[in-house]
Amino acid sequence: MGKVVLVTGAARQLGGRFVRRVQRDSGVDRVIAVDAVPPAHQLGEAQFVRADIRQPVIARILAEHGVDTVVHLDVTGTPLGSGGRTAVKETNVIGTMQLLGACQKSPTVKRLVVKSSTSVYGSAPRDPAIFTETTPPKSLPSGGFAKDAVEVEGYVRGFARRRPDVAVCVLRFANILGPAADTPLAEYLSLPVLPTVFGYDPRLQFVHEDDVIDVLLIASDEPRRGTLNSGTFNVAGEGVLLLSQCSRRLGRPTVPVPLPAVTWVGTALRTVGMTDFAPEQIRLLTHGRVVSTDQLRETLGFVPRYTTAEAFADFARGRGAGLLPPETVARTVDRLSTLVSKERT
């Protein structure tokens, strides 16, 4: 008998892709796809179960299907359908608590994979140049998805202590990009004009959605010879991009906004439903964030196919041309950078 894999968040684009891919694995017998709403995409031969992981029914599903591998992808920063921020937080935190409680009681569950985010490190002016998996954040996230991710990881660590027989893998993804990416940062980068924080040019990392699927497959399977896929791993493409470089390559002009006014801009953007410009996003677009992927390569044995720049290029191709030719944006950004430098000196 092959493995029985349960995947949460199957109605989302990323969850649907993973469900379709994992069922092709020769070691997988059945895939149980779970979400509170029916997916708009096909799930192949997977069995879809409409269930809200915030409810105790998830324990019954684990027992009925004899699930041995749980891949928890329903940890996200964006609502699905008409759900708002409150529903997202409840699914992230309360849903994870219910799921872990069900896994703890299940005698069949042997492996747990949890989608997390590098946003757990926060973004602060005195951050180290590079975060490793053991680097404590200078300033814990105070709200939004980043705080949800911190809470989720705390519950996962508690579960791992109570069930040491279960292999637990937490994947901290950098900002996920690609042609079909639907993350808050992807929404921000799709704006015709990008609001930026005046005087700051943060370093950013990206991971391609194809690499996300590949690393999830490795994490949900038995470890390969010479590797270990239990623990916590940063997942990002090699290299970094400055926000100014991103705007140039997109052909989208930037509008530098003084830091005190950025919150007002974020509120305005949320009001018109354009993007989730939450405080955590503002801090990222101010101070940036870079993580080490040594453990990903050396311990997990995974090397992303896309660098940060390549992941961004594929995303840019999928979004189409911006308002201005990239060359024009480049000259304008360079001119503004020169003016800011002169002001500081």
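The model is predicted: local features need pLDDT of at least 70, side-chain atom pairs count only at pLDDT 80 or more, and totals for chains, interfaces and linings use all residues. Residues are numbered from 1 along each chain as its sequence is written, and side-chain values use heavy atoms, without hydrogens and water.

**Stop 1: the sheet.** Show the strands (DSSP runs of E, at least two residues, numbered from the N terminus). An open sheet of 7 strands runs in the order β3-β2-β1-β4-β5-β6-β11, with parallel pairing. Pairing requires at least two DSSP bridges between two strands. Now select 47–50 and 231–235: these are β3 and β11, the edge strands, each with a single partner, so one side of each has no neighbour in the sheet. On average, neighbouring strands are turned by 20° against each other, direction ignored; axes are lines fitted to C-alpha atoms.

**Stop 2: β2 against β3.** Select residues 28–35, strand β2, which pairs with β3 in the parallel sense over 4 bridges. Pick Ile32; its bridge partner in β3 is Gln47.

**Stop 3: the helix.** Select 209–220, helix α6. Helices are DSSP runs of H or I, at least four residues. Helix α6 packs on the sheet, touching β1, β4, β5, β6 and β11. Contact means heavy atoms within 4.5 Å. The direction of α6 makes about 165° with that of β6, where angles run from 0 to 180 degrees between N-to-C directions and a helix axis is fitted over the stretch in contact.

**Stop 4: Ser142.** Go to the loop between β5 and α4 (144–162), where Ser142 lies. Beyond its neighbours within four places in sequence, Ser142 contacts Lys147 and Arg283.
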